[in-house]
Amino acid sequence: METLNHILIFKTNIATTAARQQIATVLDMHPLIAQWTVDLMDVDCVLRVVSYHLSPADVIAIVARYNYECTELTD
Amino acid sequence: MRHRDENKIQAIREKAIEMVANDGLENFGINRLAKTAGVSPATIYIYYKDKEDLLTSISIEEGLKMTRSTLKGFDPEMSFEEGLWIQWKNRAAFALNNHLSAAFFEQLRNSTYKEKMLETISKEFELTMGNFIVNALNRKEIDKMSLEVYWSIAFAPLYSLIKFHNEGRSLSGRKFVFSQKLMKDTFACVIKGLKK
């Protein structure tokens, strides 16, 4: 059965294209992040990260370095 | 361990179609969808990147579903009359049994989702239908005409009947219910108009 543990979902305050641009520099370059998106249309500015190696805590730490809030959304 | 849950995906898809069909694209949002479908927003984000990804993916799936129903039992080698009749039966069945799907497509009209959906489904559909017309022309069953003229005669009459049926009324408020007999009568006139 297909597992989906490599898809990590977070609520953030990355609300503008400028903010997204700021974290893009680090997320784009990160060797363990396969893909990522921020939904700027959503109230929770949901950050979606596809990574087979990082844990939610790792992603939260990366985003926190840029002073953005980031908490895991669970299903 | 989190696994792919087909039941949840199905619920998300069905509710998204229903919400867009009833309330339009402007009022559609992931949080509202999550509430209606009985899942958490995070679940939706596991399967789709954002609203655009979700609507594009669902419209492509619905488009393929419609194409497959329309082409069911159809072969471009069929005689013009037989092939067109199968098209009528398939199109009528799909339109009458899939109200929400039809309303969903209506809401997508002029949106980028519709363009992406058409890009994906058009090729196969146009090839099959194109071959059907070429065969009919080669067999001298019909005259050469523009696609718009062909469609207006070949299919628009059927969609008029379906529209009357969905509204429950035809001209000047007359009560109307679609039937196989009416469809056959209309088809007979259409064939007379198109065949040489």
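1. Two residues are in contact if their C-beta atoms, placed from the backbone, lie within 7 Å. By this rule, A:Ile9 touches A:Val46, A:Arg48 and A:Leu73 in its own chain, and B:Ala42, B:Tyr45 and B:Ile46 in chain B, leaving aside residues up to four places away in sequence.

2. The structure is a predicted model, in which local features need pLDDT of at least 70 and side-chain atom pairs count only at pLDDT 80 or more, while totals for chains, interfaces and linings use all residues. Residues are numbered from 1 along each chain as its sequence is written, and chains are lettered from A and ligands numbered from 1 in the order in which they are written.

3. The confidence of chain A may be considered next. Its average pLDDT (the predictor's confidence in each residue, from 0 to 100) is 93, and 97% of the residues score at least 70. Within chain A, helix 1 (residues 17-29) has the lowest confidence, with a mean of 95, and strand 3 (residues 47-50) has the highest, at 97. Helices (H or I, at least four residues) and strands (E, at least two) are DSSP runs, numbered from the N terminus.

4. Chain B contains 10 helices and zero strands. Its C-alpha atoms fill a box of roughly 65 × 40 × 25 Å along the principal axes. Of its 196 residues, 21% count as buried; a residue is buried if 20 or more other C-beta atoms lie within 10 Å of its own, exposed if 12 or fewer, and partly exposed in between, with C-beta atoms placed from the backbone. Among contacts in chain B between residues at least 6 apart in sequence, 65% join residues at least 24 apart.

5. Chain B is divided into domain 1 (1-48) and domain 2 (49-194), with bounds from an automatic or database domain assignment. The C-alpha centres of the two domains lie 28 Å apart. In the contact between them, 13 residues of domain 1 meet 14 residues of domain 2. Helix 1 of chain B supplies the largest share of the domain 1 side, six residues. By class, that side has nine nonpolar, two polar and two charged residues. Here Ala, Val, Leu, Ile, Met, Phe, Trp, Tyr, Cys and Pro count as nonpolar, Asp, Glu, Lys and Arg as charged, and the others, Gly among them, as polar.

6. The contact between the chains takes 18 residues from chain A and 15 residues from chain B. The chain A side comprises eight nonpolar, four polar and six charged residues.

7. A nonpolar core is a set of buried Ala, Val, Leu, Ile, Met, Phe, Trp, Tyr and Cys residues joined through C-beta atoms within 7 Å. The largest one has 38 residues, of which A:Ile9, A:Phe10, B:Ala16 and B:Ile44 touch the most other members. Helix 1 (residues 6-23) of chain B gives this core its largest share, five residues. A second, separate core of nine residues includes B:Trp88, B:Ala154, B:Leu158 and B:Val190.

8. A:Val50 lies in strand 3 of chain A. It counts as partly exposed because it has 15 C-beta neighbours inside 10 Å. The C-alpha atoms of A:Val50 and A:Leu8 are separated by 6.3 Å, although the two are 42 residues apart along the chain.

9. In the unreviewed UniProt entry, the annotation "DNA-binding region" covers residues 29-48 of chain B; such annotations may be inferred rather than shown by experiment, feature names are shortened, and positions are given in the numbering used here. Over this stretch the chain is 75% helix and 0% strand, with the end C-alpha atoms 13 Å apart.
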